[in-house]
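I opened this notebook to record what I looked up in one protein model.

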Amino acid sequence: MEDPMVKRAIALGGGGPAAGLHIGVLEALANAEIKFDVWALSCIGAWVGIVYNQFDGVENKARAEKTYQFFKNGVFRDDEGYKRFPINTVFGPDWAGSMSRALTSFVIDPKNYLHLWDPSTMVNAFRESVSLWFPQQKFTIPDDGDINRWILNQVLAPNPFVRYLTSMMYLSHVTGLSKINYPKSQFMKSINFEALKEPGKPIIFHNAWNLDDHKLALFSNRPMIREVDKKEYKGPISASSLCACSALPFIEETVEIDGVTYCEGALIDTVNFESLLEEHRDLDEIWVSRIVDSKQVRRPKDLHDALANLCQLFAATVGEDDVRIFKYHVQYDEPKWEGIIVEIQVPGHINFKWNHSNLYNGRVLGRAAAEQAIKRYHAHADLDPHDGPHFINEHPEKNDKEGWQKVKDTYRKCQERADA
């Protein structure tokens, strides 16, 4: 049973397709009747945390199942469909904006037809081609790297038609491959943002990066009291703010709110520690579900894997660094924060597929990891939160080999199911 006198916060970090891990963690915490007064969120952690907290009149133990069903039915794709269409169900191109308005605007702008025909570039391309293929007036097959550069710079770059199509692709007013910021869509309306404001709800906030003022912006279901250095409270959580917090550059279009442009905040701060303690110095415990680390990233087999590496590697390393820096500051900064930090760590490689089996396996693995973290937390029940800081579950593989082995066994079973 939870202690009503203990004030707790949970930080849910970014990790995209690893959303199932967060859901499993929340399920285990609910089963242990551990509740939280403050939720600090970013990227996919914001989506999971907000969806989880929107449900009214539902026992905590049932919220994880409802959250799981939301992501299964609304975001992740069925396994068979994903095999030949490896994209989740919400990363759709902005057909009207990108393919119509932006491209039409590009086509009718006379400036975009300047410098397409460049005779000097063509002459230089011919000269350099002869030099590459006939060095010393003798035909020679160049190295693959030289051929690739030749095709790019001497074949494609001087071609007026290719130059036009390339500039249309990269220079039209499109800021991402996909767009999810449609506040009036059926998908976004399925999230009850107003429910987050009701009495009795915990304090919930997520971040996003303000590209105009170069500040980390915070959106919350309650007005925030303090202005943190280089951060600012920008307003209530909404459909657009949630989309902004996960607008990963190039992957998703930036989001404009009240004339300000935002992108994903997890690029700057994965777990919101500084904001958390600036606003809530009276916390006794902070639980951290970071879900990804650099050891989970593996050699890519294809472009799908390579793109996942691009997204997850930064999320992992930024999150790891944030935790390290936070631990340093709470130990050495004045005034000290004297609470307990519980890390929930998931071992091994998880795949970064947006399919049902990965969501399910993540939930199972996250639940197992959280159960072990809870066990270690109860084993340290005699710790005084006002005599800290204390770090629990910092190295579970060293301090609790038996419990850690159970988590790894669960991971192995999940991998076997995924391979099957």
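The entries below follow the order of my look-ups.

**Entry 1: basis.** I worked on a predicted model, in which local features need pLDDT of at least 70 and side-chain atom pairs count only at pLDDT 80 or more, while totals for chains, interfaces and linings use all residues. Residues are numbered from 1 along each chain as its sequence is written, and side-chain values use heavy atoms, with hydrogens and water left out.

**Entry 2: confidence and overall form.** I looked up pLDDT, the predictor's confidence in each residue, from 0 to 100. The protein averages 88, and 90% of the residues score at least 70. I then counted 15 helices and 12 strands; these are DSSP runs numbered from the N terminus, helices being H or I of at least four residues and strands E of at least two. The C-alpha trace spans about 85 × 45 × 45 Å along its principal axes. Of the 420 residues, 50% are buried (under 20% relative accessible area, with exposed over 50% and partly exposed in between; 1.4 Å probe, protein chains only).

**Entry 3: aromatic pairs.** I searched the whole structure and found 18 aromatic pairs (rings of Phe, Tyr and Trp, the last by its six-membered ring, with centres within 6.5 Å; planes under 30 degrees apart are stacked, over 60 edge-to-face, the rest tilted). One of them joins Phe 91 and Trp 354 edge-to-face, at 5.7 Å centre to centre and 65° between the planes. This pair links distant parts of the chain, 263 residues apart: Phe 91 is in the loop between α4 (79-84) and α5 (97-107), Trp 354 in the loop between β11 (340-344) and α13 (356-379). Phe 91 counts as partly exposed because its relative accessibility is 23%; Trp 354, at 13%, counts as buried. I also noted a cluster in which ring pairs link Phe 36, Trp 39, Tyr 52, Trp 287 and Tyr 377.

**Entry 4: charges over rings.** I applied the criterion that NZ of Lys or CZ of Arg is within 6 Å of the ring centre and within 35 degrees of the ring normal. The charged end of Lys 66 sits over the ring of Phe 55, 5.8 Å from its centre. The charged end of Arg 363 sits over the ring of Tyr 68, 4.6 Å from its centre.

**Entry 5: an exposed loop residue.** I placed Ile 141 in the loop between α6 (119-133) and α7 (144-156). Its relative accessibility is 63%, so Ile 141 counts as exposed.
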